[in-house]
Amino acid sequence: MRSIAHAVDEHYNRLQTLQADFAEIYQGPGIERTESGTLWLKKPGKMRWEYRSPEEKLFVGDGKDAWLYLPVERQARKSSMRNLEDLRSPLAFLLGKTKLERELQDLSFAPDVQTWKPEDSMLRGVPRGLEDRVRQVLLEVTPESRIARILIHGTDDSITEYRFSNQKENVEVSDHQFRFAAPAGTEVIEDETGN
């Protein structure tokens, strides 16, 4: 397990950028929702999630501020990334200078959990600092030390799953992609609490 965690750390710590297609599957009491799109990550701490299905929305973080833009509602919500307790934040370690064993308490294999692909390994742990909201995180790791899937089990019995495919590493990504300017006529809500 330690060697797999170390190989994942080495793999992501040498990356500067990552582009991937994603599917986000949320299951909560009485709710099930699947969304998909394209994700870009760039060191240090920048992320852009372009949701295309079932409806368009955009989540952009420049390392300081985060924006959630809902074009259908003509609304943009701005939060400080430092205060943001969004479930996307555990994904930031994909490009962080981090160690899985330091970020996830009680890191171990999870042989009881079905992998997406038979050749992958499944790891489980509890993210430090999110224990009040997250019961466990499961990481599906490919033989190439890529994270193919992340499952976040909330203390409210919800499960948020992220699946990554078509991962492209160290692609050219402009800093401009991580900036957001609200289109004319958009209601902007500044959220000081990060909720």
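Modeller: With a relative accessible area of 14%, S145 is buried (buried means under 20% relative accessible area, exposed over 50%, partly exposed in between, with a 1.4 Å probe and protein chains only). S145 sits in the loop between β9 and β10; helices (H or I, at least four residues) and strands (E, at least two) are DSSP runs, numbered from the N terminus. This is a predicted model, in which local features need pLDDT of at least 70 and side-chain atom pairs count only at pLDDT 80 or more, while totals for chains, interfaces and linings use all residues. Residues are numbered from 1 along each chain as its sequence is written, and side-chain values use heavy atoms, with hydrogens and water left out.

Beyond its neighbours within four places in sequence, S145 is in contact (heavy atoms within 4.5 Å) with A7, V8, H11 and Y12. Y12 belongs to helix α1 and counts as buried because its relative accessibility is 2%. Y12 also comes to 5.8 Å from L94, C-alpha to C-alpha, although 82 residues separate the two in sequence.

Now for the core. A nonpolar core is a set of buried Ala, Val, Leu, Ile, Met, Phe, Trp, Tyr and Cys residues joined through side-chain atoms within 4.5 Å. The largest one has 30 residues, of which W49, L100, L139 and F164 touch the most other members. Among the elements that give it two or more residues are α1 (2-13), β9 (134-141) and β10 (147-154). Strand β9 provides the largest share, four residues. A second, separate core has nine residues, including W40, W67, Y69 and V173.

On to the charged pairs: the whole structure holds 16 salt bridges, each a side-chain nitrogen of Lys or Arg within 4 Å of a carboxyl oxygen of Asp or Glu. R2 pairs with E101, their closest N and O atoms being 3.2 Å apart. Since R2 lies in helix α1 and E101 in helix α2 (residues 100-103), this pair ties together parts that are 99 residues apart in sequence. R2 is exposed at 59% relative accessible area, and E101 is partly exposed at 33%.

E161 is in strand β11 and R149 in strand β10, so parts 12 residues apart in sequence are tied together. E161 is buried at 7% relative accessibility, and R149 is buried at 6%. Salt bridges with shared partners join E140, R149, E161 and R163 into one network.
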